[in-house]
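Trainee: I would like a close look at a single part of this model. Please take the aromatic cluster and its setting, and walk me through it step by step.

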Amino acid sequence: QVQLVESGGGLVQAGGSLRLSCTASGSIFSVTTMGWYRQVPGKQRELVAAITRGGSTNYADSVKGRFTISRDNAKNTVYLQMNSLKPEDTGVYYCYDVGAVSWGQGTQVTVSS
């Protein structure tokens, strides 16, 4: 059974930075695509960024140039570095293991104006 544990969320002022981490257990982490999703109340969960096992990345247009996804296969961990944060980045961020079809519990990110 795959377990994903996120950390690193919090409250930050607009223009600030946060780094989210997601550590996986029970997964063949090195061969799976990992993603970060964001959800706000009343809206569907949306893809923010994803990274393949080979390190190829893709980003939502709204975060391109500000967010960076990376992974450390030795640590079974995927990161999301978020810079120049905006109030519209506020939401619950979820880690997703594409191969295992498994979600983390989510971590709240709140950006104040």
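Mentor: Start with one tyrosine. Tyr37 is buried. Tyr96 is buried as well. Bear in mind that this is a predicted model.

Now the geometry of that pair. The ring centres of Tyr37 and Tyr96 lie 5.7 Å apart. Their planes meet at 85°, so the pair counts as edge-to-face; the cut-off for that class is over 60 degrees.

A search of the whole structure gives four aromatic pairs. One aromatic cluster takes in Tyr37, Tyr94, Tyr96 and Trp103.

Next, look for charge. Arg45 lies over the face of Tyr94, 3.6 Å from the ring centre. The charged end of Arg45 also sits over the ring of Trp103. There the distance to the ring centre is 4.5 Å. Tyr94 and Trp103 are both members of the cluster, and Arg45 lies over a ring of each.

Cys95 forms a disulfide with Cys22, with the sulfur atoms 2.1 Å apart. The structure holds one disulfide. The torsion about the S-S bond is about -80°, so this disulfide is left-handed.

In general, nonpolar side chains of soluble globular proteins tend to be buried together. Here the largest nonpolar core has 25 residues. Those with the most contacts inside it are Met34, Trp36, Phe67, Val78, Leu80, Met82 and Tyr93. The elements that supply two or more residues are β3 (18-25), β4 (34-39), β5 (46-51), β7 (67-72), β8 (77-82), β9 (91-97) and β11 (107-112). The largest share, four residues, comes from β3.

At 4% relative accessibility, Ile69 counts as buried. Leaving aside residues up to four places away in sequence, Ile69 touches Met34, Trp36, Ala49, Ala50, Ile51, Thr57, Tyr59, Val78, Tyr79 and Leu80. Among these, Met34, Trp36, Val78 and Leu80 are in the group with the most contacts inside the core.

Thr107 makes a contrasting case. Thr107 has its place in strand β11. Its relative accessibility is 11%, so Thr107 counts as buried. Thr107 and Gly10 are 97 residues apart in sequence, but 8.0 Å apart in space, C-alpha to C-alpha. Beyond residues up to four places away, Thr107 touches Glu6, Ser7, Gly8, Gly9, Leu20, Gly91, Val92 and Tyr93. Tyr93 is one of the residues with the most contacts inside the core.

Asp89 is found in the loop between β8 and β9. Asp89 is buried, with a relative accessible area of 2%. Its contacts, again not counting residues up to four places away in sequence, are Arg38, Val63, Arg66, Phe67, Ser84, Val109 and Val111.

Finally, step back to the whole chain. The protein chain has zero helices and 11 strands. Of its 113 residues, 42% count as buried. Among contacts with a separation of 6 or more, 54% come from residues 24 or more positions apart. The C-alpha trace spans about 40 × 25 × 20 Å along its principal axes. A compact globule with 113 residues would have a radius of gyration near 13 Å; the protein chain has 13 Å, which agrees.

Notes. Residues numbered from 1 in each chain as written. Predicted model: local features only at pLDDT ≥ 70, side-chain atom pairs only at ≥ 80, totals over all residues. Heavy atoms only, no water. Core = buried A, V, L, I, M, F, W, Y, C linked by side-chain atoms within 4.5 Å. Buried < 20%, exposed > 50% of the residue type's maximum accessible area, 1.4 Å probe, protein only. Phe/Tyr/Trp six-rings, centres within 6.5 Å; stacked < 30°, edge-to-face > 60°. Lys NZ or Arg CZ within 6 Å of the ring centre and 35° of its normal. Disulfide = S-S within 2.5 Å. Rg over C-alpha atoms; globule rule 2.2 N^0.38 Å. Contact = heavy atoms within 4.5 Å.
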